[in-house]
Amino acid sequence: MTDSKTDIALILAPALYILNKTGNKLNKHKLFKILYFADKDHIAKYGRTFTGEPYIAMANGPVPSRLYDYIKLVEGKNRLPIPVDFVEEVKRHLAIETPNWVIAQSSVNMDFLSRSAIKSLDNSIDIYKNKTFGELSDLSHDGAWKAANQNTEMSVVEIAKAAGANDEMIFYIKETL
C-alpha cells in the first residue's frame with residue numbers, strides 16, 4: 001500500500017460522510033451496506049462508481065475492498081508490512097471500537113465528494129440507516145452478488161443491472177470499462 005494522504009482521504013471520504021451524518025459511529029456491516037447501496041444507485045444513474053472501490057462478494061453481502069483493508073489496518077489485523085506513516089494517517093481518520101464499530105476521527109473533506117455522490121449517499125443513509133443486519137444482508141444479496149463467486153470482485157455491469165440500469169447505460173458502462 002503506497003497510497004498518499006490524498007489517496008487515503010479519497011477512499012475514506014464516502015465512509016466519513018456516512019459516519020458524520022449518522023452520529024460518527026456505525027457497525028462495519030451497516031457502513032459497508034450503506035456505501036454499497038449508494039454506489040450501486042450512482043452506477044445505475046451515472047455509469048460510474050463514485051468510490052472507485054471494487055466490491056467483494058462476501059458472505060453477508062458486498063464489501064468495499066480498500067475501505068475494508070483500511071479498517072483491518074486500524075484493527076491491527078493486516079499481516080502485510082505497511083509503512084508506519086500510512087497506518088498513522090488512516091488512524092487519524094478512523095478508529096475501531098471492539099468488536100465491530102467504526103468511529104470517525106475526523107470530518108469528511110467535501111472536496112472529494114461530487115454533488116451526485118452526496119445525493120446518492122444521503123438517499124442511501126435515509127433508506128438503510130435503520131435496517132437490521134439481516135435486512136441489509138438480504139437486500140444486498142442481489143443479482144450482482146449472486147453473479148460473483150464468494151470472496152471475489154463483483155462486476156460493475158452486474159451491479160448496474162441489479163440497480164435497474166437501462167440497456168443504454170449498461171452499454172455505456174461496458175464501453176468505458
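Biologist: What makes Val84, Asp85 and Glu88 of α4 count as exposed?

Modeller: These three residues lie on the face of α4 turned away from its buried side. Each is called exposed because its relative accessible area is over 50% (buried is under 20%, partly exposed in between; 1.4 Å probe, protein chains only). The model is predicted: local features need pLDDT of at least 70 and side-chain atom pairs count only at pLDDT 80 or more, whereas totals for chains, interfaces and linings use all residues. Residues are numbered from 1 along each chain as its sequence is written, and side-chain values use heavy atoms, with hydrogens and water left out.

Biologist: Which residues of α4 are buried, and how do you know on which side of the helix they lie?

Modeller: In helix α4, residues 84-93, the buried residues are Phe86, Val87, Glu89, Val90 and His93. They cover an arc of only 160 degrees around the axis, and therefore lie on the same side of α4; the arc is taken from the directions from the helix axis to the C-beta atoms. The buried residues pack against α1 (5-21), α3 (65-75), β4 (94-97) and β5 (101-104). Such elements are DSSP runs numbered from the N terminus (helices are H or I, at least four residues; strands are E, at least two).

Biologist: Why is the largest pocket called a pocket?

Modeller: It is called so because a pocket is an open set of points on a 1 Å grid over the protein atoms alone, with protein on both sides within 12 Å along at least five of seven lines. The space in the largest pocket is about 210 Å³. Its lining has 13 residues, among which His29, Phe32, Asn60, Val63 and Phe133 lie nearest the centre; a lining residue has an atom within 4 Å of a point. Elements giving two or more residues to this lining are α2 (28-46) and β3 (61-64), and α2 gives the most, with four.

Biologist: What makes the largest nonpolar core a core, and which residues have the most contacts inside it?

Modeller: The term applies because its members are buried Ala, Val, Leu, Ile, Met, Phe, Trp, Tyr and Cys residues joined through side-chain atoms within 4.5 Å. This core has 53 residues, with the most contacts made by Ile18, Leu31, Leu67, Leu94, Leu121 and Met154. Beyond neighbours within four places in sequence, Ile18 is in contact with Leu26, Leu31, Ile34, Leu35, Leu121 and Ile125.

Methods
1 Å grid on protein atoms, 1.4 Å probe; cavity = no way out; pocket = protein on both sides within 12 Å on 5 of 7 lines; lining within 4 Å. Points joined across faces, edges and corners; volume = space filled by probe spheres on them. Contact = heavy atoms within 4.5 Å.
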